[in-house]
Amino acid sequence: MNVVIGAGVGGLAAAISLVRAGESALVIEGRDQVGGLAAGIELEGQMHDGGPYILLDRPGLAWVFEQLGADLASLVDLIHLDEEVYRVTTEGGESVSIYGDLERTAAVLEAKWPGSAVAYRAWITRMSGIYENLVEFQRDSKPGAWKLLKKGRLKEGLFLLQGLEAHLKRSGLPEPVQNALGIWTHIAGQPLSEAPAPLAFVPAIIHTHGAYVARGGMNHIVAALHKLAVAVGVQFRLGTRVDRIVRDGRRVLGVEIGDERISADRVFSNAPGIGTYVNLLQPPDLALSEQLKALPLQSPGIAAYLQMKADETVPFLHFWLPKAGPQDWTRVLVNPGAYDPARAGQGRLVSPTRHAWAADVGPDGQREFLERILAETWWRRGVSEHRVLETRIPQEWGQQYLLYRDSMNPVMTARFMREGRLAHRSPVADNLYLAGSATHPGQWVSFCAISGVLAVEEALGG
């Protein structure tokens with residue numbers, strides 16, 4: 001018997017992979033629904049996106065579904081964002097818009113900053129080429145420098161050795177455009193100076209493979225994976241929280257739920273990666289636990305779910321980038337109705353928070369910050385009416401989604417990427433594997449799904 005702890009996207013992908021390989025899979029999930037942070041939130045009869053995921057990495061998702069014996073396009077209706085994908089407004093009024101079409105984006109930038117069109121096209125061409133040469137390594141359970149060299153990817157290896165900020169500075173683009181290209185690290189709550197180079201790929205993917213959302217919301221990705229899991233015979237126990245992963249030396253014996261022991265040949269943990277070793281594994285490996293406790297953590301941030309009336313000037317994503325001050329984290333208004341008529345009238349305000357800050361100020365300080373963002377005026381431009389349906393602060397994310405110390409995963413810094421993400425195969429237990437964002441950190445829901453597939457490949461020797 002193979003036990004999968006957690007029915008997040010990584011856990012679902014791992015369970016399907018196991019059964020397709022001729023193995024059994026029992027998924028034990030602490031919540032009463034599948035999907036983890038990718039699951040939706042139903043408010044007043046409408047399904048809203050729940051967690052931090054915004055755009056879809058179609059190539060990555062298509063690869064996952066292919067590995068699971070299914071076709072993404074036949075199971076999920078994807079909407080291509082061909083107009084304005086996102087807008088970044090800096091405090092003071094400077095604005096940069098990124099469109100699905102490369103030439104339109106270049107033309108808009110050229111009108112504001114003469115000469116920038118050539119630099120922008122060159123940047124996108126360079127990033128697209130590097131992305132295509134590295135994409136196979138995103139689907140490798142143990143990527144490393146020697147594999148890059150073996151494949152003749154020296155240039156790409158040198159690219160990875162530097163952080164995002166260094167590459168942006170060499171682009172020759174105006175600072176507001178650099179910030180717009182690096183907005184995906186800003187919204188993760190970390191400065192450009194700490195961000196890994198691959199975050200530069202997002203605009204390149206938008207202009208080449210395209211930016212996509214799932215019609216009806218991110219929960220349709222979850223529903224498709226759940227449907228596949230049920231169809232192949234994955235077993236589920238929902239509303240049941242695993243208390244312990246029990247081992248004898250380097251051999252995991254199974255999991256325990258209260259006094260109940262479920263024996264397992266292998267355990268795949270889609271629970272938080274650090275929490276798996278610090279809180280679940282018994283007896284723990286003290287040296288590894290202390291090492292993992294020292295990793296910086298990424299907070300799920302704050303969110304407010306809105307019913308709103310937005311005019312056609314409000315883009316799908318409107319980022320606001322403060323210049324300075326306390327809690328000068330990027331915020332974003334998500335307007336899914338800009339592309340998806342099924343979600344017209346929905347809105348979501350999201351802002352990162354530093355994990356250490358959130359822990360220091362506690363729920364009262366977190367709530368005060370959320371109320372401050374709701375009172376800001378930048379996001380109301382083009383929004384004539386709005387009503388707050390529900391809010392979430394880091395503590396609430398942690399409690400409702402069973403997160404480790406109210407965090408999503410280790411912060412994806414350039415240093416963490418170079419030193420190595422958490423391994424799929426446990427270094428302290430031979431039949432324990434990790435599947436989830438701690439092994440493939442990032443803001444794409446596809447990364448979690450890829451991780452589930454890779455964890456099983458590692459376990460079965462694929």
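Modeller: A surface patch is built from residues with over 30% relative accessible area and no salt bridge, where like charges are joined within 9 Å and nonpolar side chains (Val, Leu, Ile, Met, Phe, Trp, Tyr) within 5 Å. Salt bridge here means a side-chain nitrogen of Lys or Arg within 4 Å of a carboxyl oxygen of Asp or Glu, and accessible areas follow the Shrake-Rupley method with a 1.4 Å probe, only the protein chains shown counting as cover for residues. The model is predicted, so local features need pLDDT of at least 70 and side-chain atom pairs count only at pLDDT 80 or more, whereas totals for chains, interfaces and linings use all residues. Residues are numbered from 1 along each chain as its sequence is written, and side-chain values use heavy atoms, with hydrogens and water left out.

Colleague: Which residues form the nonpolar patch on the surface?

Modeller: The patch consists of L149, L154, L158 and L161, which together have about 430 Å² of accessible area. Helix 7 (residues 154-161) contributes the most, with 3 residues, while L149 belongs to helix 6 (residues 145-150); helices (H or I, at least four residues) and strands (E, at least two) are DSSP runs numbered from the N terminus.

Colleague: Does L149 count as buried or exposed?

Modeller: The scale calls a residue buried under 20% relative accessible area, exposed over 50% and partly exposed in between (1.4 Å probe, protein chains only). L149 counts as exposed because its relative accessibility is 56%.

Colleague: How many of the residues of helix 11 are buried?

Modeller: In helix 11 (residues 201-208), 7 of the 8 residues are buried, so this helix is largely enclosed by the rest of the structure. The buried residues are F201, V202, P203, A204, I205, I206 and H207, and just after helix 11 comes G210, with a positive phi of about 100 degrees.

Colleague: In what order do the 5 strands of the open sheet stand?

Modeller: Strands of a sheet pair through backbone hydrogen bonds, either parallel or antiparallel, and pairing is assigned here if DSSP finds at least two bridges between two strands. The 5 strands stand in the order 9-2-1-13-22, with parallel pairing. Strand 9 (235-237) and strand 22 (432-434) are the edge strands, each pairing on one side only, and the twist from one strand to the next averages 20 degrees, where axes are lines fitted to C-alpha atoms (for helices over the stretch in contact) and angles run from 0 to 180 degrees between N-to-C directions. Strand 13 (residues 266-269) runs parallel to strand 22 and is joined to it by 3 bridges, with F268 opposite Y433 of strand 22.

Colleague: What is the pairing in the open sheet of 4 strands?

Modeller: There the pairing is mixed, and the order is 12-11-10-14. Strand 12 (260-263) and strand 14 (281-282) are the edge strands, each pairing on one side only. Strand 10 (residues 244-248) pairs with strand 14 in the parallel sense over 2 bridges, and L281 in strand 14 is the bridge partner of I245.

Colleague: Which residues does a cis peptide bond join, and where is P283 found?

Modeller: Most residues other than glycine have a negative phi, and most peptide bonds are trans. The cis bond joins Q282 and P283, with omega about -5 degrees, and P283 sits in the loop between strand 14 and helix 14 (286-293). As for phi, E44 has a positive value near 50 degrees; E44 lies in the loop between strand 3 (40-43) and strand 4 (46-49) and is exposed, with a relative accessible area of 59%. R405 also has a positive phi, near 50 degrees, in the loop between helix 16 (394-401) and strand 21 (409-410), and R405 is partly exposed at 44% relative accessible area.

Colleague: Which residues does H48 touch, not counting residues up to four places away in sequence?

Modeller: Contact means heavy atoms within 4.5 Å. On that basis, and with the residues up to four places away in sequence left out, H48 touches G40, I41, L43, Y305, L306, Q346, G347 and L389. H48 lies in strand 4 and counts as buried because its relative accessibility is 2%.

Colleague: How many residues apart along the chain are S17 and V453?

Modeller: S17 and V453 are 436 residues apart along the chain, yet their C-alpha atoms are separated by 6.2 Å. By contrast, H48 and G152 are 104 residues apart in sequence and 44 Å apart in space, C-alpha to C-alpha. S17 lies in helix 1 (residues 9-20), is buried with a relative accessible area of 12%, and, leaving aside neighbours within four places in sequence, is in contact with L68, V453 and V456.
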